[in-house]
Amino acid sequence: EQAAAEIYRSSYLPLHLSRSGHILLPIGDDNAFLATAQYFEALDAVVDLLRTKYGVDAIYSTPERYWNSVGRGEDIVNTMEGEMTKYIDGKGDNWGGQYSSRMGLKQRIRALGTMVHNTNAVNALSIIKADRAMVPKENIRQDHVDDHNDAVLARQRRIDEANKRLALLQHHDAITGTCSRAVMDDFRFIANEGMKAACP
């Protein structure tokens, strides 16, 4: 009941502004199909309520069927221009974007990737150099070897932490910039912490 009411309220204005009388309403999220049967049973109930209570001819459809219904002429379909984030920021927990969305976040993720790659390379070279310096000398003190190994492990732990944070930022709503502003702030925090770990 609540979902049907919210869909009707959120669709009422676009439906009446639409010159064709059709709107396309994508439904679902990343977790919608963890319990597929229950999800579609609930969705069937919502569609039924939209029809019976609100008089909306709601149907399961595809983008192709939608376009065939509304026609393809510019005189029928309203268009949006410019950056999508101006339409979604500040209007609730909306998600969307395009190639140019959240450029600052994308730049930060790329910068972290570069830092992690360079840190991995420098770390590998430093291990090789230190190992070569120690190998031919039989009188190396054990405490020097232990200090070297401790430093290598500490560096590796930081690099592992940076790699984990970089992996999180490969999420399809981070690297594409299609997240909401609040989630973008979380992703930026993850990137900043990754940079601190990569280059302490």
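Contact, as used in these legends, means heavy atoms within 4.5 Å. The structure is a predicted model, in which local features need pLDDT of at least 70 and side-chain atom pairs count only at pLDDT 80 or more, while totals for chains, interfaces and linings use all residues. Residues are numbered from 1 along each chain as its sequence is written, and side-chain values use heavy atoms, with hydrogens and water left out.

**View 1. Met-184 in helix H7.** Met-184 belongs to helix H7, residues 181-198. Helices here are DSSP runs of H or I with at least four residues, strands are runs of E with at least two, and both are numbered from the N terminus. Met-184 is buried because its relative accessibility is 8%; buried means under 20% relative accessible area, exposed over 50%, and partly exposed in between, with a 1.4 Å probe and protein chains only. Leaving aside residues up to four places away in sequence, Met-184 touches Arg-102, Leu-105 and Cys-179. Arg-102 is 82 residues from Met-184 along the chain, and their C-alpha atoms are separated by 8.0 Å.

**View 2. Thr-119 in helix H5.** Helix H5 spans residues 103-134 and includes Thr-119. With a relative accessibility of 16%, Thr-119 counts as buried. A polar atom of the Thr-119 side chain lies 2.7 Å from the backbone oxygen of Met-115. Such a polar contact is a pair of N or O atoms within 3.5 Å; within protein, one must be able to donate a hydrogen and the other to accept it, and residues adjacent in sequence count only if both atoms are side-chain atoms. Not counting residues up to four places away in sequence, Thr-119 also touches Ile-159, Ala-198 and Cys-199.

**View 3. The ring pair of Tyr-8 and Tyr-54.** The whole structure holds 3 aromatic pairs. The rings of Tyr-8 and Tyr-54 are stacked because their centres are 4.7 Å apart and their planes are at 25°. This pair links distant parts of the chain, 46 residues apart: Tyr-8 is in helix H1, and Tyr-54 is in the loop between H2 and helix H3 (63-70). Rings of Phe, Tyr and Trp (its six-membered ring) pair if their centres lie within 6.5 Å; planes under 30 degrees apart count as stacked, over 60 as edge-to-face and the rest as tilted. Tyr-8 has a relative accessible area of 25% and is partly exposed. Tyr-54, with 22%, is partly exposed.

**View 4. The rings of Phe-40 and Tyr-60.** Phe-40 and Tyr-60 form a tilted aromatic pair, with 6.3 Å centre to centre and 50° between the planes. The two residues are 20 apart in the chain, Phe-40 in helix H2 and Tyr-60 in the loop between H2 and H3. Phe-40 is partly exposed, at 32% relative accessible area, and Tyr-60 counts as partly exposed at 40% relative accessibility.

**View 5. A nonpolar surface patch.** Phe-33, Phe-40 and Tyr-60 make up a nonpolar patch on the surface, with about 300 Å² of accessible area together. Phe-33 sits in the loop between helix H1 (2-17) and helix H2 (36-52). Patches are made of residues with over 30% relative accessible area and no salt bridge, where like charges are joined within 9 Å and nonpolar side chains (Val, Leu, Ile, Met, Phe, Trp, Tyr) within 5 Å. A salt bridge is a side-chain nitrogen of Lys or Arg within 4 Å of a carboxyl oxygen of Asp or Glu. Accessible areas come from the Shrake-Rupley method with a 1.4 Å probe; for residues, only the protein chains shown count as cover.
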